Amino acid sequence: MLDFFEKLIYNNEMSKKAPYERKNKQDKSVYRALVLIMQFGINMLVPIGFMSWLGILLDRRCGTSFFMVLFFFIGAIAGFQNIWRMARSVYDGQPHGEKTGGQAERKDAGKDDDQ
């Protein structure tokens, strides 16, 4: 009977620790990939949606029917440009939004000249 309770307590303590031990780098990489896919979708859909809405608004105000189509294509081009920039930064290994040749490199170059 005592053996049964020891196993029960041991298994209960191990089950509490299991979720913390399961987190590893592979799980994080899966989440990062899913976030990246969602960012691609958002970076494509937001410019298209906003520019289409703006085109519909202008069409209603002006009584025309070509602004929506024109602004849709402008939004699509902007979305593809956003995706291109993000894909290039991911491929180069830089965080999204950072550019090369920043102030840190210029500061280091100035220190070399002084020495």
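Trainee: What percentage of the residues of the protein count as buried?

Mentor: Of its 115 residues, 12% count as buried. Buried means under 20% relative accessible area, exposed means over 50%, and partly exposed is in between (1.4 Å probe, protein chains only). Before we go on: this is a predicted model, where local features need pLDDT of at least 70, side-chain atom pairs count only at pLDDT 80 or more, and totals for chains, interfaces and linings use all residues. Residues are numbered from 1 along each chain as its sequence is written, and side-chain values use heavy atoms, with hydrogens and water left out.

Trainee: Why is A76 called buried?

Mentor: A76 has 12% relative accessibility, and the cut-off for buried is under 20%, so A76 counts as buried. A76 lies in helix α3, and the buried residues of α3 also include F71 and M86.

Trainee: And what makes L34 partly exposed?

Mentor: Its relative accessibility is 45%. That value sits between the 20% and 50% limits, so L34 counts as partly exposed. L34 lies in helix α2 (residues 25-62), and together with V30, Y31 and I37 it forms a nonpolar patch on the surface.

Trainee: Which residues does A76 touch, leaving aside its neighbours within four places in sequence?

Mentor: A76 is in contact with M44 and I48, where contact means heavy atoms within 4.5 Å. The C-alpha atoms of A76 and G49 are separated by 9.1 Å, though these residues are 27 apart along the chain.

Trainee: How many helices and strands are there?

Mentor: Four helices and zero strands, in the order α-α-α-α. Both are DSSP runs numbered from the N terminus: helices are H or I with at least four residues, strands are E with at least two.

Trainee: Which helix has the lowest mean pLDDT, and which the highest?

Mentor: Helix α4 (residues 103-114) has the lowest, 52, and helix α3 (residues 67-92) the highest, 93. pLDDT is the predictor's confidence in each residue, from 0 to 100. Where pLDDT is low, the predicted coordinates should not be read in detail. For the protein, the mean is 77, and 58% of residues reach 70 or more.

Methods: Patch = residues over 30% accessible without salt bridge, like charges linked within 9 Å, V, L, I, M, F, W, Y side chains within 5 Å. Areas by Shrake-Rupley, 256 points an atom, 1.4 Å probe, with all protein chains shown as cover. Salt bridge = Lys/Arg side-chain N within 4 Å of Asp/Glu carboxyl O.
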